[in-house]
Amino acid sequence: MPGSIDLIVSTAYIGVTTWIAYWLRLYALFYLDSYPLTRTLVLEFIATAELCGACFELIIIADNWGVWMYALYLFLLTIWWSKNWDEASACPYTHMEDVIISKKPLTVAFLSICAELAGGLIIFKYIQILWAFQLVSTHKNRAYDDCTTDLQVSVLTGALVECVATCMCRVVSRVLSDLNPRFSTIIDAFVGTSLVVAAFSYTGGYFNPALATSLKYGCLGTSSLEHVIVYWIGACVGSLASLRVYRMPFVQNFIQLQENTDVVYS
């Protein structure tokens with residue numbers, strides 16, 4: 001197993017990426033305040049680039065220190081992102097949900113998804129530069145190596161895994177948004193990370209089409225059509241299904257019960 005210096009360098013790369021994104025986000029919020037659509041698109045671009053940039057390095061961590069170290073980093077980063085991304089989601093299906101519930105026009109949703117894809121695809125050039133330095137053994141030859149697929153099951157099974165896990169993530173997020181418990185951010189991050197770990201050996205546990213496309217589109221072992229079926233159709237169907245699941249009686253009854261309990265014990 002690589003030494004501590006290798007892990008320190010990977011951690012530093014993630015830190016530098018999030019630091020750059022943090023300042024770019026501040027500039028965007030300040031200078032684009034009078035241009036709401038442009039600000040929205042730029043924030044989505046920055047958030048997706050930050051997400052994918054960090055996750056490229058998380059692949060290095062998973063490959064060399066295992067899924068549990070990967071999960072720890074992902075859990076902490078998820079908390080950071082939830083507190084710093086402002087209105088951005090860095091995830092295409094959230095905009096599809098907004099269109100379905102009439103919260104966002106179709107044109108804005110489409111442009112937001114395009115901005116996310118642009119951020120996710122462009123960031124790899126930045127990652128290549130960092131990896132090309134080869135400061136540690138874990139980055140050796142990674143900048144220009146061919147990537148391999150994370151899909152270890154059939155296409156239909158993979159799509160089902162991404163669908164069900166995405167649905168669960170979105171339902172939990174909506175319930176937490178309604179209840180707003182004291183540690184909602186931590187709970188949401190824990191649930192999401194746990195589902196990623198559970199799906200890791202099947203599909204990689206992406207639950208985000210832009211992230212999956214940035215990291216794994218065109219990789220050896222999966223065709224373009226298979227990638228779209230698993231990581232786009234699977235995840236997006238799960239997201240849209242979550243709107244229906246969220247409105248089901250057992251979910252609404254749970255929310256009402258928790259709200260009534262809060263009233264009694266507040």
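This is a predicted model: local features need pLDDT of at least 70, side-chain atom pairs count only at pLDDT 80 or more; totals for chains, interfaces and linings use all residues.

Tutor: Residues are numbered from 1 along each chain as its sequence is written, and side-chain values use heavy atoms, leaving out hydrogens and water.

Student: How many salt bridges does a search of the whole structure find?
Tutor: A salt bridge is a side-chain nitrogen of Lys or Arg within 4 Å of a carboxyl oxygen of Asp or Glu. The search finds 8. In one of them, Arg25 meets Glu50 at 2.5 Å, N to O. Arg25 lies in helix α1 and Glu50 in helix α2 (residues 36-65), so the pair ties together parts 25 residues apart in sequence. Helices here are DSSP runs (H or I, at least four residues), numbered from the N terminus.

Student: Is Arg25 buried or exposed?
Tutor: Buried means under 20% relative accessible area, exposed over 50%, and partly exposed in between (1.4 Å probe, protein chains only). Arg25 counts as buried at 3%, and Glu50 does too, at 2%.

Student: Which residues are linked with Asp33 in a network of salt bridges?
Tutor: Arg39 and Glu87. Between Asp33 and Arg39, the closest N and O atoms are 3.6 Å apart.

Student: Which residues make the nonpolar surface patch?
Tutor: Patches take residues with over 30% relative accessible area and no salt bridge, joining like charges within 9 Å and nonpolar side chains (Val, Leu, Ile, Met, Phe, Trp, Tyr) within 5 Å. This patch covers about 980 Å², and its residues include Trp19, Phe30 and Tyr31. Areas come from the Shrake-Rupley method with a 1.4 Å probe; for residues, only the protein chains shown count as cover. Tyr31 is exposed, at 56%.

Notes:
Helices (H or I, at least four residues) and strands (E, at least two) are DSSP runs, numbered from the N terminus.
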